[in-house]
Amino acid sequence: MKRLAILSILIATVGGFSSCSRDITVTGNIQGQPSIYPDYCDVTVPENIAPLNFSYTGEEDCALQVDGRTIFPQRGREFIFRRSQWRRWMTGDAVSMKILVRKDGKWMSYDPFEIKVSHERIDPYISYRLIPPGYQGWQVMGIYQRNLETYRQSPVIENRMTGGDCVNCHTYNQRDPGTMVFHARADFRGTFVIKDDAIEKLNTKTDSTISALVYPYWHPEGRYITFSTNATKQSFFNHGPDRIEVFDSASDVVVYDVEKHSLTWSPLTKSTEMFETFPSFSPDGKWLYFCSSKAVDNMPYNYDQAHYGIYRIAFNAADGTFGDSLECIYDAAAEDKSASFPRISPDGRWLAFTRHRCGNFSIWHQDADIWMIDLESGESRPAEAMNSDEVDSYHDWSGDSRWMVFSSRRDDGLYTRLYISHIDENGHESKPFMLPQKNPKDYYKDLMFSYNIPEFMTGKVGMSMHRISTCMRKDPGTQVTVSR
Amino acid sequence: MNKFALAYREQQQLFIYEKTYFTGTLLKVGGLSTLMARFAVQFFWSPLIAMGITVMLLALSAYLLWASIRRDRRDWLSLLTGMIPACLIGASLSDNSLHFDYLTSVILVEAALVIYNKIIRTKRILWGVLMTIIIYITAGPAAICFAVSAAVIELSKGSRLRWFSAAYPITALACGYVSYLTAGSATLACALTPAFHYNLDESAPLLHWLGWLAIPVATAAALIRNKKLFAPVALILFAGAMTFSIMVSQKADKNPSITSYEYEYYTANERWDELTESCRHHVWSPGTANYLNLAHAYKGTLTDNLFRYDNRGVSSLFFMPEEKSVDVRVAHIMYAMGNMAAAQNVSFNAMRSTEGFCPAMLKMNAKVELMRGTYDVADKYLSILEKSLHYRKWAKKYRQFLWNDQAVDNDRELSTGRKDMEVSDGFAMLGNPIDELMKVIDANPDDKKAMDYALSFLLLSKDIARLKDFTDRYWGSGALTVLPEYAQEALIFYSEYSRNFENVDPVSLEWCLAHGVAQNTIQHFEAFQKASLKSRGAAPSGYKETYWNYLLYTQL
């Protein structure tokens, strides 16, 4: 009797899973594509991405047809794909999907949509910070890593380990999870450099610099990290779509020598007449790119007078010296705009940046869009397929220069989410897809954190959170010096 | 234990009926005790219920310990020893830096002791080790209390393997160390001591250690076989614990933060009459004045009562703390003043606590998002509130406003806030609060609370020239159709004395009469002037609750 009961349960369970095989008869068409969340209609995905589960957002009963097979939602209107099934689909060039809905007892079909498959594989991991989008309060936050081939997220460091400190501005050298830098503020403040399976705490405020080190970027050879130093504050707007303005009243760009624990700079990157920020090295390490605006006084009242352009200066890694002239790459001020976060594709062909009305902290500017500069022709253009009416900002290139991850507020206007777009060899971007989750509708609706500073990684950070937090808590830190 | 301190715990969390919330909590070290604590605390929206549940849990704790150590059901002396930890834990709970799972973890420990001592008969050492591990995972480092108590029990039994019970505390310590190494606990102290239940990096007072220590001590005391010795020991320990707990509780009740818990409870529940009464019965401070004035603002009686109690300067209306960004009081006052951007800035930062979400701040954010018309974000907040037991009804009520501008415009509170937000461009909380308040009035002169706050700011700052300009501009419009008595007193004073000063725009009696000053206020002022002459520089009697008394005789 007991065996019979178990068998009945098993049969019922298997029956539930195999409901996918039930056939239905479609009696009509509905013009247009269905409304699904996330919007994965006609996106391009890498073959090694985790299944793009989604929900039909209409009210009717629904089903999905893929390659002639009918799949019913597992829960409500959610389509959750088995990994093996998804992998099979990813071997082709595209997956054609058709949403069917039942109206007045009859099944109708929306126009089909495709998920195009690119066989250019994406880096398997990304790293990001999860933070409430208010910036002053940070009771709970952390830097995390996510396997793009599954849904697994694990912490690199969470601020519960350090009593609610702010952890920020993480970056990896050439996507290497073993070479990382990040900062902590408040009680256990410092800059933390992870390299060669060791972690080092740095005290980076010096008498010659206006603040501790801020926005980082590794030199490809790993000996240098360029940072900005910023006198940053933020104010909350009375009303309007842009809630917060984060502004600098002074800023410079410096280069840190990892071996000598010293800072150096050029007078052209550290000038009182200019604000310099958001530095990054070119993939060959010969150029230091950064954003710069004429200095503006009486901040934040004059916040809209700061217009940052993109400049570069030659950098010699052999002796840590700079060229003697600046080259303007993008004169945003001439267009009454600002540019932020210059990031050059690893193949050296494209420079992606965020373009917005003014200031430098684009994530709070609703008009912020991602733009591309062809470094061969010097032409710039918006990455139309990637951008939205909401903020589209911080971006990072994959190792093969074919994928870009960026953050956007397009989902609800406040909480930033990650999107990934394919970039072809001619620099044409495809419609981006939202970072897949097992139950994206519930996950993103419940998630009270913004994704911040997404960066690709070739693997998982090997250093344990315990080791990192122990260093944060106990290491007195090495004082950074100035060598000029 | 203070009932308002307990109720304040409810504002530090939001128990969400959702699988991921349950699993996310359970998968942490001590997760079961945390989940039990949060489940209990969700009902603390009423201070009386909070007190009732806490007392019941303390009684359960005492009963479980008694059940584990008693010799028989009539062993009342053991009941006294069983109550010792509960007494001390009850006193500990007055400290809101101590999380409520301190109590629930002890309950799990005591339940495990009952199982270990009364149910398990064979392979006790193996079971003891296994239970220590399970208790560490479910209740955190309180497992050490179980380990030591179980070892004491085992040693008293005199069995052949009794010395192997030393493995229990060793196992508990090992669990703690593993938890530390795997980042389950931030510090070794968190992994092994009551600091686990305390705000990280704050040192837990000795009292919280005593609650733990009392468990093995009570267990050991109950093992004394000589009744003549046990009775005085049990009585002395119990009397000592009770006396100590009462002393600690009385001291805790005098802590100024207790009064703010009370004010915050009444504010979060919009019980303005009780808030008014509460403020009157406590020591006067800027914080008390802020809450009292807030209550009057909501009751529409702020300007009528401004000088009936000891308001001194604008800090009585709004005292800005050094760390303004997470002070719920600031959020409530900014919201009442119609400075919605500032209210949201503060409430957003105060919305998240280490135990989850602050429901009052989450509600405020949901309302401000509805005012903004950013319905996707409002929907997000309402969805979370809907997953709680107590706030579900409220959230469902506000769901009607989503993507419905007309419904928002027809709602008194939301439409007022929406109009308040139409202030001229600029930043919130950057300048003087009164300047920002003036922008709100400019945008929405119909906002009665904002209008009352503006008048109160001008009166309390003794800026009667600006009060005159303000009246000139807004008299007869919006929410200023009746001039409050204190403002009348200020204007008649200005009218009389402005004629004697240069660079001051004088106003006539006719102007005053045309701007809401009543004839009897003029007569009252004449009487005040005569009384002042008689009193020769001292404050004349009978005029204590007048603006003239505040203006001339109250030093700021």
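A: Here's the contact, followed by the parts of each chain around it.

Before we start: this is a predicted model, so local features need pLDDT of at least 70 and side-chain atom pairs count only at pLDDT 80 or more, while totals for chains, interfaces and linings use all residues. Residues are numbered from 1 along each chain as its sequence is written, with chains lettered from A and ligands numbered from 1 in the order in which they are written.

The contact draws 34 residues from chain B and 25 residues from chain A (two residues touch if their C-beta atoms, placed from the backbone, lie within 7 Å). On the chain B side, the elements giving two or more residues are helix H9 (167–181), helix H18 (340–351), strand E1 (352–353), helix H20 (375–386) and strand E3 (427–428). These labels are DSSP runs, numbered from the N terminus: helices are H or I of at least four residues, strands are E of at least two. H18(B) gives the most, with six residues. By class, this side of chain B has 18 nonpolar, 10 polar and six charged residues; here Ala, Val, Leu, Ile, Met, Phe, Trp, Tyr, Cys and Pro count as nonpolar, Asp, Glu, Lys and Arg as charged, and the others, Gly among them, as polar.

There's strand pairing between the chains, too. Strand E19 (residues 224–237) of chain A pairs with E3(B) in the antiparallel sense over two bridges (DSSP has to find at least two bridges for strands to pair).

Chain A is assigned domain 1 (2–118) and domain 2 (125–478). Their C-alpha centres lie 38 Å apart, and the contact uses 19 residues from domain 1 and 16 residues from domain 2. On the domain 1 side of chain A, strand E3 (43–46) and strand E4 (54–56) each supply at least two residues, with the largest share, four residues, coming from E3(A). That side divides into 12 nonpolar, five polar and two charged residues.

Chain A also has an open five-stranded sheet, ordered E14-E15-E16-E17-E36, with mixed pairing. Strand E14 (167–173) and strand E36 (478–479) form its edges, each pairing on one side only. Inside that order, strand E15 (residues 176–184) and strand E16 (residues 190–195) run antiparallel, joined by five bridges, and A:Ala184 stands opposite A:Gly190. Helix H4 (residues 465–474) of chain A lies across E15, E16 and strand E17 (198–203), running at about 30 degrees to E17(A); the axes behind such angles are lines fitted to C-alpha atoms, for helices over the stretch in contact, and angles run from 0 to 180 degrees between N-to-C directions.

Definitions and conventions. Domains from an automatic or database assignment.
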